[in-house]
Amino acid sequence: MSQSKSSTKTVVVCQSCESVFVSEVKPDGTIRPIGVSADCTCGDGDFRRISGTADVE
């Protein structure tokens, strides 16, 4: 498998309740929190990366 197709991990915050999660970022840009459902525990699924955090492969 090539590195360009693998997921990276980053820290994101829920736009609605501001909960913070470590997440996978798929090659297509989709953000998926690790250890919870695809949506936030508040029911929202809109996340943004926390600026200043590095991606981890």
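In which strand is the place of Val13? Val13 lies in strand S1, which spans residues 8–14. The model described here is predicted.

The overall make-up of the protein chain comes first. The secondary structure consists of four strands and zero helices. Read from the N terminus, the elements follow the pattern β-β-β-β. The chain has 57 residues, and 21% of them count as buried. Its accessible surface is about 3,800 Å². Carbon and sulfur atoms hold 48% of that surface.

The four strands form an open sheet in the order S3-S2-S1-S4, and the pairing is antiparallel. Two strands sit at the edges: S3 (31–33) and S4 (47–49). Each edge strand pairs on one side only. On average, neighbouring strands of this sheet are turned by 50 degrees against each other, direction ignored.

The pairings can be followed across the sheet. S3 and S2 are antiparallel and share three bridges. S2 and S1 also run antiparallel, joined by six bridges. S1 and S4 pair in the antiparallel sense, with three bridges between them.

Two hairpins connect strands in this sheet. In the hairpin of S1 and S2, five residues lie between the strands. Glu18 in this hairpin takes a positive phi near 65 degrees. The hairpin of S2 and S3 likewise has five residues between its strands. In its turn, Gly29 has a positive phi of about 95 degrees.

Strand S1 is mostly covered, with five of its seven residues buried. Val13 belongs to this strand. Is Val13 buried or exposed? Val13 counts as buried because its relative accessibility is 6%, and the cut-off for buried is under 20%. Leaving aside residues up to four places away in sequence, Val13 touches Glu18, Ser19, Val20, Asp46, Phe47, Arg48 and Ile50. One of these contacts, Ile50, is 37 residues from Val13 in sequence. In space, the two C-alpha atoms are 6.4 Å apart. Val13 also has a bridge partner in S4, namely Arg48.

Val12 has partners in two strands. In S2, Val12 stands opposite Phe21. In S4, the bridge partner of Val12 is Arg49. Another residue, Thr8, stands opposite Val25 in S2. Val25 in turn has Ile31 as its bridge partner in S3.

Strand S2 shows two faces. Phe21, Ser23 and Val25 make up the covered face. Val20, Val22 and Glu24 make up the uncovered one. Ser23 lies within this strand, which covers residues 20–25. What is the relative accessibility of Ser23? The value is 0%, so Ser23 counts as buried. Not counting residues up to four places away in sequence, Ser23 touches Thr8, Lys9, Thr10, Val12, Ile31, Arg32, Pro33 and Ile34. Among these contacts, Ile31 is the residue that bridges to Val25.

How many salt bridges does the structure hold? There is one. Side chains of opposite charge can pair when their charged atoms come close. Here the partners are Lys26 and Glu24, with 3.3 Å between the closest N and O atoms. Lys26 counts as partly exposed because its relative accessibility is 33%. Glu24 also counts as partly exposed, at 22%. Glu24 is one of the residues on the uncovered face of S2.

Methods
Residues numbered from 1 in each chain as written. Predicted model: local features only at pLDDT ≥ 70, side-chain atom pairs only at ≥ 80, totals over all residues. Heavy atoms only, no water. Buried < 20%, exposed > 50% of the residue type's maximum accessible area, 1.4 Å probe, protein only. Contact = heavy atoms within 4.5 Å. Pairing = 2+ DSSP bridges. Axes fitted to C-alpha atoms, helices over the stretch in contact; angles between N-to-C directions. Areas by Shrake-Rupley, 256 points an atom, 1.4 Å probe, with all protein chains shown as cover. Salt bridge = Lys/Arg side-chain N within 4 Å of Asp/Glu carboxyl O.
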